[in-house]
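Please look over the sequence and the model before reading on.

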Amino acid sequence: MQINILDDRLRFPDPLLANAEGLVGIGGDLSAPRLLLAYRSGIFPWTADPVTWWSPDPRAIFELDRFHVSRSLARAMRARAFQITLNKAFREVMEGCAAPAPGRRSTWISPEFIEAYTELHQLGHAHSLESWRGDSLVGGIYGVTIGSFFAGESMFHRASNASKIALYYLVQHLQKWNFDLFDIQMLTPITARLGGITIARAEYLRRLAAAIEKPSTADWSPAITEPIHPIS
């Protein structure tokens, strides 16, 4: 199958024309307008040199009302070992996601991605939740928002359960503000255990189209967060 080569024009091929691996096209840049158009189109970037654009089938999501809290995660939350904040350290969360970790020498999150998504954050379209132990950042998650759609990009931890607890708080935040779609791109063993599922790309695109058109009044001001349904 022929792969589409993108040029300077701000447009994407139909994601339904992606190849078997989900590759939609190669080229273009990581500018904010192009990134936002990509997410609106059901497409996301995965490499920076060259820039590659993807729309896998099936697509992984979290249904917000079906997030699974295991007994061990519930115990960790009750211990209140971490303080969870919103948009306090966006760039640092991305750097944590990009850093080497046990079993992972490198990630797709290059310096180009950090610069591009930090710009999206400054424009109000990318957000983070952070887990702190004292003054130390020990975990976090970040993603992109358009309307009532949230695209989870990556998370990291330097202490057990730090990223999962930040993710739980994120799910609670999205529920509070009536988000309709939480995209996690592709299912992993960790997200599957937390309740992630896959749906057909065509169904994902239908739900995405509705979610991005639904205005959101969500408050993403930097703050210390509390869940709307605390673990007792």
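How many bridges join strand 1 to strand 2? Three bridges join the two strands, which run parallel, strand 2 covering residues 23-27. The model is a predicted one, in which local features need pLDDT of at least 70, side-chain atom pairs count only at pLDDT 80 or more, and totals for chains, interfaces and linings use all residues. Residues are numbered from 1 along each chain as its sequence is written, and side-chain values use heavy atoms, with hydrogens and water left out.

**The sheet**

- Helices (H or I, at least four residues) and strands (E, at least two) are DSSP runs, numbered from the N terminus.
- Four strands form an open sheet of mixed pairing in the order 1-2-4-3; two strands pair if DSSP finds at least two bridges between them.
- Strand 1 (4-6) and strand 3 (44-48) stand at the edges with a single partner strand each, so one side of each has no neighbour in the sheet.
- On average, neighbouring strands of this sheet are turned by 30° against each other, direction ignored.
- Ile-5 stands opposite Ile-26 in strand 2.

**Helix 1 and helix 4**

- Helix 1 (residues 32-40) packs with helix 4 at an angle of about 80°, and their axes are 10 Å apart; axes are lines fitted to C-alpha atoms, for helices over the stretch in contact, and angles run from 0 to 180 degrees between N-to-C directions.
- Helix 1 is therefore roughly perpendicular to helix 4 (65 to 115 degrees).
- Ala-32, Leu-35, Leu-36 and Tyr-39 of helix 1 make the contact with Ala-116, Tyr-117, Glu-119 and Leu-120 of helix 4, where contact means heavy atoms within 4.5 Å.

**Thr-118**

- Thr-118 lies in helix 4 (residues 111-122).
- Thr-118 is buried, at a relative accessible area of 9%; buried means under 20% relative accessible area (1.4 Å probe, protein chains only).
- The side chain of Thr-118 reaches the backbone oxygen of Ile-114 at 2.6 Å.
- Leaving aside neighbours within four places in sequence, Thr-118 is in contact with Phe-90 and Arg-91.

**Helix 5**

- The 15 residues of helix 5 (residues 162-176) should span 21 Å at 1.5 Å a residue, and the end C-alpha atoms are 21 Å apart, which agrees; the expected span is 1.5 Å times one less than the number of residues.
- Twelve of the 15 residues are buried, so helix 5 is largely enclosed by the rest of the structure.
- The buried residues of helix 5 include Ala-162, Tyr-168 and His-173.
- Asn-178, which follows helix 5, has a positive phi, near 60°.

Methods: Buried means under 20% relative accessible area, exposed over 50%, partly exposed in between (1.4 Å probe, protein chains only). A polar contact is a pair of N or O atoms within 3.5 Å; within protein, one must be able to donate a hydrogen and the other to accept it, and residues adjacent in sequence count only if both atoms are side-chain atoms. Angles under 35 degrees count as roughly parallel, over 145 as roughly antiparallel, 65 to 115 as roughly perpendicular and the rest as oblique.
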